[in-house]
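These are my notebook entries from a first look at this structure.

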Amino acid sequence: MVGEPGSLRYGPDDEPAGRSGCGEESAGRSGRGHRAVPHTADIRVEAWAEGREQCLVEAVLGLVESFAETSGTHPTAVERVRVEQGSDDDLLAGLLDEVIFRLDVHGQVPVDVEVEAVGGGLDVRLAVVDVGSVAITGAAPKAVSFHELRLEQGPCGWTGEATVDV
């Protein structure tokens with residue numbers, strides 16, 4: 001049900017099996033999550049999850065958390081977005097670019113996300129609020145860099161990384 005953060009479904013593989021026994025890559029990480037790491041004049045968003053769609057959700061949440069505090073905020077609208085298939089890397093870049101576009105052009109910040117694979121692309125639902133209703137905690141993202149961009153499946157699930165210009 002849309003309305004509570006974390007309430008939207010993530011796709012067909014929404015119950016992660018966990019990442020235990022996966023080595024150093026998963027040290028300190030649970031079944032799914034994200035983090036933003038400072039990068040020279042940029043931020044680096046890292047995401048991980050059991051399924052591809054979950055990993056994309058985590059990447060969006062990591063991007064948003066790099067510039068805004070949204071906890072306790074309830075969405076005021078749901079925007080539907082279609083991201084066309086290219087490579088998995090292209091899907092990651094396209095989805096993050098959509099978040100940046102919505103922030104820049106419409107003043108919208110996602111507080112929850114649903115991603116579903118449909119017909120070779122992604123059907124995305126962004127539960128959004130007006131940027132004025134969240135606390136801004138960092139520089140607004142401007143663009144996704146294709147340098148060292150990746151979304152891939154490994155033995156411990158899916159991981160994604162993107163550098164975002166701020």
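**Entry 1: terms and ground rules.** I call a residue buried under 20% relative accessible area, exposed over 50%, and partly exposed in between, with a 1.4 Å probe and protein chains only. This is a predicted model, where local features need pLDDT of at least 70, side-chain atom pairs count only at pLDDT 80 or more, and totals for chains, interfaces and linings use all residues. Residues are numbered from 1 along each chain as its sequence is written, and side-chain values use heavy atoms, with hydrogens and water left out. Helices (H or I, at least four residues) and strands (E, at least two) are DSSP runs, numbered from the N terminus.

**Entry 2: the sheet.** I looked up the strand order. Strands of a sheet pair through backbone hydrogen bonds, either parallel or antiparallel. I count two strands as paired if DSSP finds at least two bridges between them. Here I found an open sheet of four strands in the order 1-2-9-8, with antiparallel pairing. Which strands form the edges? They are strand 1 (33-39) and strand 8, each pairing on one side only. For angles, I use axes that are lines fitted to C-alpha atoms, for helices over the stretch in contact, and the angles run from 0 to 180 degrees between N-to-C directions. Neighbouring strands of this sheet are turned by 15° against each other on average, direction ignored.

**Entry 3: two strand pairs.** I checked strand 1 against strand 2 (residues 42-49). Seven bridges join this antiparallel pair. Gly33 stands opposite Trp48 in strand 2. Then I turned to strand 8 and strand 9, an antiparallel pair joined by eight bridges. Val144 has Val164 in strand 9 as its bridge partner. Strand 8 and strand 9 form a hairpin, with two residues between them.

I stopped at Glu148, which sits in strand 8 (residues 143-154). Its phi is near 60°, a positive value in a residue other than glycine. Is Glu148 buried or partly exposed? Glu148 is partly exposed, at a relative accessible area of 48%.

**Entry 4: helices over the sheet.** Contact here means heavy atoms within 4.5 Å. Helix 1 (residues 52-65) lies across strand 1, strand 2, strand 8 and strand 9 (157-165). It runs at about 150° to strand 2. Helix 2 (residues 88-106) lies across strand 8 and strand 9, running at about 130° to strand 8.

**Entry 5: helix against helix.** Two packed helices are described by the angle between their axes and the distance between the axes. I read about 35° for helix 1 and helix 2, with their axes 10 Å apart. On the helix 1 side I listed Arg52, Leu56, Ala59, Val60, Leu63 and Val64. They meet Asp88, Leu91, Leu92, Leu95, Leu96, Val99 and Ile100 in helix 2. The residues of this contact divide into eleven nonpolar, no polar and two charged. I count Ala, Val, Leu, Ile, Met, Phe, Trp, Tyr, Cys and Pro as nonpolar, Asp, Glu, Lys and Arg as charged, and the others, Gly among them, as polar.

**Entry 6: salt bridges.** Side chains of opposite charge can pair when their charged atoms come close. My rule is a side-chain nitrogen of Lys or Arg within 4 Å of a carboxyl oxygen of Asp or Glu. How many salt bridges does this rule give? The count comes to 14.

I looked at Glu46 and Arg35, whose closest N and O atoms are 2.6 Å apart. Glu46 lies in strand 2 and Arg35 in strand 1, so the pair ties together parts that are eleven residues apart in sequence. Glu46 is buried at 12%, while Arg35 is partly exposed at 42%.

Next I took Arg52 and Glu53, a salt bridge with closest N and O atoms 3.2 Å apart. Arg52 is buried at 14%, and Glu53 is buried at 7%.

In helix 2, Glu98 and Arg102 lie four residues apart, about one turn of the helix. Their side chains meet in a salt bridge (3.0 Å, N to O). Both are buried. I also noted one network, in which salt bridges that share partners join Arg80, Glu114, Glu116, Asp123 and Arg125.
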